[in-house]
Amino acid sequence: DAIIAADNYAYDFALKYHSELFPNTPIIFCGVENFNPKEIHDSLKQYVTGVVEYKDIRANLELIYQLFPATKMVYILSDNAYSSLAIKDQIIDESNNFQDRFRVVFDNQIDFNTIDEKINKLPKQSVILFTSFYRDVNGVYIPYYKIKSFFERTKFPIFALNHIHVGEGVMGGYMINPYDQ
């Protein structure tokens with residue numbers, strides 16, 4: 001037997017209830033963002049292994065600056081999902097390294113019905129960095145075809161953190177590839 005925990009929610013659940021629900025059962029995780037081995041209690045370390053999902057925010061901001069040196073703002077498009085919030089601190093920390101080049105705005109308060117209006121108000125020399133977006137600020141699930149349509153119609157270059165968006169209207173980026181993990 002083994003527990004396979006995909007993403008932060010499942011991983012946290014497996015760690016929290018391991019002794020109660022899954023005693024002596026190995027936990028194999030994947031898709032865990034901002035993994036910190038120090039968060040694993042010593043009594044569990046022998047049971048836990050997996051693949052970390054590390055999104056290289058700094059490399060993406062560097063790439064944006066290299067390709068668009070006149071950028072005034074990098075707009076981080078995100079939602080309030082647990083995995084999105086897991087990398088929010090990383091995004092804010094990394095953006096501090098670029099204060100002298102451009103402004104970084106992290107936005108996870110998006111009503112998808114008005115996203116075009118919001119995006120069209122960005123400064124002319126803006127670039128969008130897409131993290132993930134499953135539900136808008138109203139809790140409404142946003143199907144992927146709507147995200148893809150947004151990518152295709154926006155006037156700003158879009159970079160993404162996940163390889164699944166290649167060929168869907170994003171320009172590129174340093175991406176993780178779930179298939180390689």
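A pocket here is an open set of points, on a 1 Å grid over the protein atoms alone, where a 1.4 Å probe fits and protein lies on both sides within 12 Å along at least five of seven lines. Its volume is the space filled by probe spheres set on the points, with grid points joined across faces, edges and corners. The model is predicted, so local features need pLDDT of at least 70 and side-chain atom pairs pLDDT 80 or more, while totals for chains, interfaces and linings use all residues. Residues are numbered from 1 along each chain as its sequence is written, and side-chain values use heavy atoms, leaving out hydrogens and water.

**View 1. The largest pocket holds about 390 Å³ of space.** Its lining has 24 residues, where lining means having an atom within 4 Å of a point. Closest to the centre sit E53, S132, Y134, N162 and I164. Two elements, β2 (27–32) and α6 (144–153), each give two or more residues to this lining. By type, the lining splits into 13 nonpolar, seven polar and four charged residues (Ala, Val, Leu, Ile, Met, Phe, Trp, Tyr, Cys and Pro are nonpolar; Asp, Glu, Lys and Arg are charged; the others, Gly among them, are polar).

**View 2. Four strands make an open sheet in the order β5-β4-β6-β7, with parallel pairing.** Strands are DSSP runs of E with at least two residues, helices are H or I runs of at least four, and both are numbered from the N terminus; two strands pair if DSSP finds at least two bridges between them. β5 (103–107) and β7 (158–160) are at the edges with a single partner strand each, so one side of each has no neighbour in the sheet. From one strand to the next, the twist averages 25 degrees.

**View 3. Zooming in on β4 and β6, we find five bridges.** These parallel strands cover residues 73–77 and 126–130. M73 has S126 in β6 as its bridge partner. Lying across β4, β6 and β7 is α6, which runs at about 160 degrees to β6 (angles run from 0 to 180 degrees between N-to-C directions, and axes are lines fitted to C-alpha atoms, for helices over the stretch in contact).

**View 4. Helices α1 (residues 7–16) and α4 (residues 82–95) cross at roughly 90 degrees.** Their axes come within 7 Å, and the two helices are therefore roughly perpendicular (that label takes in 65 to 115 degrees). On the α1 side, D7, N8, Y9 and D12 meet Y82, S83 and A86 of α4, with contact meaning heavy atoms within 4.5 Å. The residues of this contact are three nonpolar, two polar and two charged.

Conventions:
Angles under 35 degrees count as roughly parallel, over 145 as roughly antiparallel, 65 to 115 as roughly perpendicular and the rest as oblique.
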